[in-house]
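I set out below my notebook entries on a structure that I examined element by element. The sequence and coordinates come next.

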Amino acid sequence: MVCILLVALVLRLAMPAMLGWFVDSAIEGRSLSLLTWIAVAYVTVALVAEGLQLIVTYAAVDLSWRAGNRLREQLAHHALRLEMGWHGQHSPGKLIERIDGDVEALVTFFANVLVHVLGNVVLMVGMLTVAFLIDPWAGLLLMLTSAVGAAVLVKLRSAAVPAREAEREANAILYGDLEERLGGLEDLRANGAGRYAVHRLHHNSARSWRRARRASLLGDGSYVLAAITFAVGSVATLALGFWLHSAGVITVGAVIALFRYSEMLRQPLERIAEQLKEFQKAIAGARRASQMLTTEPALPDGPLGDEHLAGRALAIDLDRATFRYPGASEPALVDVDLHVAPGTHVGVIGRTGSGKTTLGRLVLRLWDTTDGTVRVGGIDVRELQTRALRSRVAVVTQDVELFRASLRDNLTLFGSRPETDDRLVELLHDVGLGRWFAGLPRGLDSELGGGRGLSAGQAQLLAFARAFLTDPGIVVLDEASSRLDPTTEAALAESTRRLLDGRTALIVAHRLATLDTVDEIVVVDDGRIVEHGSRLDLALDPTSRYSRLAQLAADGALDEEGLGA
Amino acid sequence: MTSASRHTSTSRPTSNSRRTSTPRVAFQLVRNDPRTYGISLVLWVTFHMSPLAVGWALKLVFDRLAADELSTPWVLLAAIIGLEVGRWTVLLCAAVQWHGAWVGWQTVPRVNMLSSLAVEPGPTAHRLPGSPGEAVSRFRDDVDDLSLVLDVWLDVTGTVLAASVALVVMASIDPLAAAATLVPIGLALLASIVLGPTLRTWRRAAREATGTVTSFIGDTFGSILAVKTAAAEAAVDERFAELNAKRARHARRDQLGTELIRSLGYGTGEVTIGVVLLIVAASFRAGDLTVGDISLFAAYVPVVAGLPKWIGRMGAYHRQADVSVDRLAELMADRRRPSALAPTTTHLRHGPPPFPPPDPYSDRFDELAVEGLTVRHDSAGHGIHDIDLVVGAGELVVVTGPVGAGKSTLLRGLLGLVEAQAGEIRWNGAPVTEPSAFFVPPRVAYLPQVPRLFSESLADTVLLGLPGEDLERALWIACLDEDLAHMDEGTETIIGPRGLRLSGGQVQRAGAARALVRRPQLLVVDDLSSALDVETEVRLWERLRADVSSTVLMVSHRPHVIDLADRLVVLENGRRVTDQ
């Protein structure tokens with residue numbers, strides 16, 4: 001490819017010389033056939049040069065897509081493994097801009113850097129050489145022009161980078177905000193807040209406007225200054241040519257060729273400058289990409305693999321575990337000591353925000369404790385490979401996240417838990433989604449997500465089906481049946497029993513009826529475990545919080561029995 | 001009794017039957033702010049014409065050179081430098097002004113689309129293509145494509161004017177040579193006509209592949225918790241690589257097409273100079289043409305040869321924009337299709353005026369009556385059928401039934417969030433023709449099953465533009481007062497994307513506060529208690545009942561809620577099975 005590029009460049013280089021030759025031949029009164037021959041050659045050379053250019057461009061585009069996609073995949077790969085705290089600060093819309101928008105700028109730049117920038121640098125060197133051959137003074141002059149022009153470019157370009165970055169940041173905010181609002185359209189509409197969303201768009205657009213103009217002033221200003229430098233160089237070349245010609249050193253054709261070279265010197269510059277905007281974008285993008293890639297995961301992987309988590313059921317141990325969410329003033333959990341023997345089912349109750357959910361998240365190592373340790377199967381979770389840990393801990397939460405992908409992909413999570421179709425269908429029946437599934441025209445290939453044809457309760461059943469696809473040593477059910485009506489919940493009970501059988505379970509619930517079969521009860525309040533004991537013992541002790549809550553439920557106001565009760 | 005008529009107009013026309021033409025849409029954009037566009041036009045035309053002046057000055061210089069004059073023409077050379085400085089200064093002004101104008105062109109369709117989606121009447125369900133991530137790509141890439149049309153018009157106008165002048169000047173020197181320069185234009189245009197349809201399909205495929213990739217990123221990181229808890233990172237990596245590879249295939253092809261058109265433009269310049277040389281060889285040799293004339297041709301031919309490049313580019317951009325205009329129109333409510341770009345004040349220079357407080361509202365709620373409401377979800381027959389329902393002032397009406405019975409669909413159909421195929425809704429006895437526009441605060445506020453919070457301060461995500469005087473009351477009723485005590489910056493605490501840092505119950509209560517702060521006459525709630533513990537729920541109910549306006553229509557399974565209900569609506573398989 002480099003060879004083709006070089007040939008194309010040499011052809012380009014020849015053209016001004018051919019024009020000069022044509023003029024000189026005419027002035028010297030050479031034969032018309034020679035003039036015609038030069039003109040024909042000129043046309044041919046121009047055509048071939050363009051064809052070669054096309055080939056080089058395609059090759060460069062191909063290369064840049066490969067490189068760009070590799071970078072996209074690296075960024076996504078890295079971001080996927082960063083902790084929840086990081087994701088709390090980076091909205092999906094922003095990440096689209098980082099992983100795709102920024103890399104897009106890099107890709108565009110890549111595609112052009114090889115063809116336009118690199119090629120044109122070689123072209124410039126070639127032109128300077130030819131100019132030297134025509135006349136050393138002329139060569140020197142062109143060299144000076146190029147040097148000054150390049151200096152202007154380099155010096156001013158770096159001044160424009162922060163402005164360019166600010167512009168992109170403004171756009172990232174604009175798109176991030178749009179993405180969230182579009183995701184919450186129904187919330188906005190039904191609460192009459194659509195106009196406010198439009199107001200925000202106006203606000204964000206105005207910021208983009210200011211920053212785009214400022215970035216242009218700095219970025220295009222550098223381009224313009226350089227262009228003026230080259231124009232002055234061209235005129236100086238012309239003056240020099242005049243002087244050399246009147247001194248009888250060079251011909252009229254040579255002056256024309258020199259002038260064309262001096263103008264062509266600007267052409268690569270224009271091409272480079274055309275890419276300058278991309279270049280600045282690319283630099284800003286590359287800077288943010290490298291920033292992201294160098295963000296160390298706050299929860300580095302441990303060395304131990306899943307062979308250390310053998311056994312059907314695993315123990316859970318929290319030793320003086322304290323945890324505070326970043327930005328929160330109060331810890332979510334304080335000094336929690338909790339020991340759950342393998343195979344034990346523990347019900348966790350407490351008010352919302354008391355720390356129940358956090359408990360499960362620590363076991364999954366979505367966060368690391370601020371103080372104290374969490375052990376699973378007797379091993380500190382920080383010593384374990386995250387993948388190994390999470391493949392042995394299944395979670396069903398109250399908010400089920402569905403992907404805009406096929407039902408199969410949603411169940412197996414893009415094939416990370418491969419399973420035969422028959423087994424998947426069987427599972428759907430097991431969790432009570434059989435009737436719903438039968439109504440799907442495309443079966444497992446049906447596209448889900450975006451609330452398409454799936455109620456929140458059905459989504460929760462789907463999450464149960466997901467959990468069955470692993471062989472967990474620990475099952476965390478976090479309000480897992482909260483969106484189910486009692487009838488459906490009862491229907492699911494048998495499947496749940498099978499899932500939990502012989503496994504350790506942490507069942508977070510606010511409906512006490514859900515906890516009728518657990519072995520132990522933990523009551524959490526304000527981040528502390530205020531009660532922990534066998535369910536039967538606590539139920540028999542009238543002073544226990546658990547029995548008081550159970551009493552409250554039994555008093556009728558909070559009757560937790562079925563719909564028909 | 002069931003009036004299906006109000007929905008007949010909303011059947012979706014196919015994209016072919018009513019395609020809004022790109023030039024018309026683009027011209028609407030120009031008319032939105034003619035002054036800005038006019039300034040852009042003057043600046044760019046001046047810039048495109050400027051090489052002609054420089055070329056003429058150069059002709060004079062070369063004529064003196066060939067005439068073997070010994071004195072260097074300093075005045076001429078100084079004039080050229082002056083022209084060049086002026087030319088590039090114009091470019092800088094044009095560029096800065098253009099960057100502002102560009103944002104303006106993008107803002108108009110964006111504001112219109114967002115207004116249509118979030119403010120204008122009509123259901124939005126199914127109008128958003130795929131994920132919000134993909135919708136963003138429409139707000140970004142498709143809007144870019146449309147703006148490029150306005151942009152290319154500037155250049156085409158400039159080039160056409162410059163080329164016309166250049167042709168006239170060249171024709172006055174050598175008519176045949178001048179005519180020859182027109183050949184490449186014809187060829188380039190021909191090529192763009194022949195290649196056009198193919199390029200258009202390539203473009204569409206590339207865009208779609210891009211949309212798939214962006215929505216995949218958005219979805220994955222929107223559901224990062226699910227990915228992480230399932231340790232599905234590696235599988236996501238793999239799927240992402242697959243989608244990327246597909247996109248690269250389509251994009252390469254698309255870019256090759258674009259490059260071909262571009263090459264036709266650039267390449268013809270040099271070729272045409274060669275052709276001109278061929279034609280003028282004899283007369284130049286005979287001395288009828290001067291060296292200055294040759295230099296003039298060399299300077300003017302690129303100006304004319306630029307024409308096919310720009311016209312080709314205009315054709316390509318128009319084709320790209322055809323695709324985009326269609327895709328943009330899909331986001332709009334159908335009735336607004338013809339005016340997809342209604343006149344819009346962009347507020348770019350000074351920012352938007354302060355957000356106005358809501359209008360006061362005096363109408364008192366008396367009764368809501370629904371008859372025969374029918375919503376068909378999909379071909380599989382999911383949905384609700386022929387539902388009757390009455391809500392009186394001060395009542396608690398509970399909708400209940402098993403999972404998938406259509407409870408949420410009933411609420412959403414009533415509110416106009418999904419399209420109802422039949423049914424009549426009356427508010428205080430008067431028929432409601434446009435529920436999506438009617439059932440908004442201060443009449444009705446809605447708390448969905450899973451509220452969407454935005455990445456901003458708790459106060460902002462609850463208020464959504466309302467003045468803050470009611471905030472504390474709403475947060476208190478929603479039982480967020482204690483949670484607030486634990487937040488560093490109180491109501492100014494920034495909550496993560498989609499409220500990630502709040503627990504499920506907190507998210508739901510923040511959603512409740514969002515509805516309550518609007519002081520609705522009727523509160524519509526989709527399963528408030530699903531993420532709440534017993535104590536909090538009881539407290540919330542007490543506080544809500546103690547508050548003045550508490551007509552509530554809600555979905556619930558909770559027996560104690562059902563006991564409190566003044567009326568009960570039991571659904572099964574989308575039909576109402578019992579009364580009270």
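Entry 1, a sheet in chain A. I looked up strand 1 (residues 316-323) of chain A and found that it pairs with strand 2 of chain A in the antiparallel sense over five bridges. Two strands count as paired if DSSP finds at least two bridges between them; helices (H or I, at least four residues) and strands (E, at least two) are DSSP runs, numbered from the N terminus. I noted that Asp317(A) has His339(A) in strand 2 of chain A as its bridge partner. Helix 9 (residues 356-363) of chain A packs on the sheet and touches strand 1, strand 2 and strand 4 (371-376) of chain A, and its direction makes about 115° with that of strand 1 of chain A. Contact here requires the C-beta atoms of two residues, placed from the backbone, to lie within 7 Å. Axes are lines fitted to C-alpha atoms, for helices over the stretch in contact, and angles run from 0 to 180 degrees between N-to-C directions.

I then recorded the sheet as a whole: four strands of chain A form an open sheet in the order 2-1-4-5, with antiparallel pairing. Strand 2 (333-340) and strand 5 (379-380) of chain A are at the edges with a single partner strand each, so one side of each has no neighbour in the sheet.

The model is predicted: local features need pLDDT of at least 70, side-chain atom pairs count only at pLDDT 80 or more, and totals for chains, interfaces and linings use all residues. Residues are numbered from 1 along each chain as its sequence is written, and chains are lettered from A and ligands numbered from 1 in the order in which they are written.

Chain A is divided into domain 1 (2-294) and domain 2 (306-554), the bounds coming from an automatic or database domain assignment. I found 54 Å between the centres of domain 1 and domain 2 of chain A, taken over C-alpha atoms.

Val45(A) lies in helix 2 (residues 32-80) of chain A. Leaving aside neighbours within four places in sequence, Val45(A) is in contact with Leu11(A), Ala14(A) and Met15(A).

Strand 4 (residues 422-427) of chain B has Gly423(B), Ile425(B) and Trp427(B) on a covered face, and Ala422(B), Glu424(B) and Arg426(B) on an uncovered one. Strand 4 of chain B runs antiparallel to strand 1 (residues 367-376) of chain B, joined by five bridges, and Ala369(B) stands opposite Arg426(B). Strand 4 and strand 5 of chain B form a hairpin with two residues between them, and Asn428(B) in the turn has a positive phi of about 50°. Trp427(B) stands opposite Ala430(B) in strand 5 of chain B.

I recorded 146 residues of chain B in contact with 143 residues of chain A. Helix 8 (residues 233-285) of chain B gives the most to this side, with 29 residues.

How values were computed. Buried ≥ 20, exposed ≤ 12 C-beta atoms within 10 Å, placed from the backbone.
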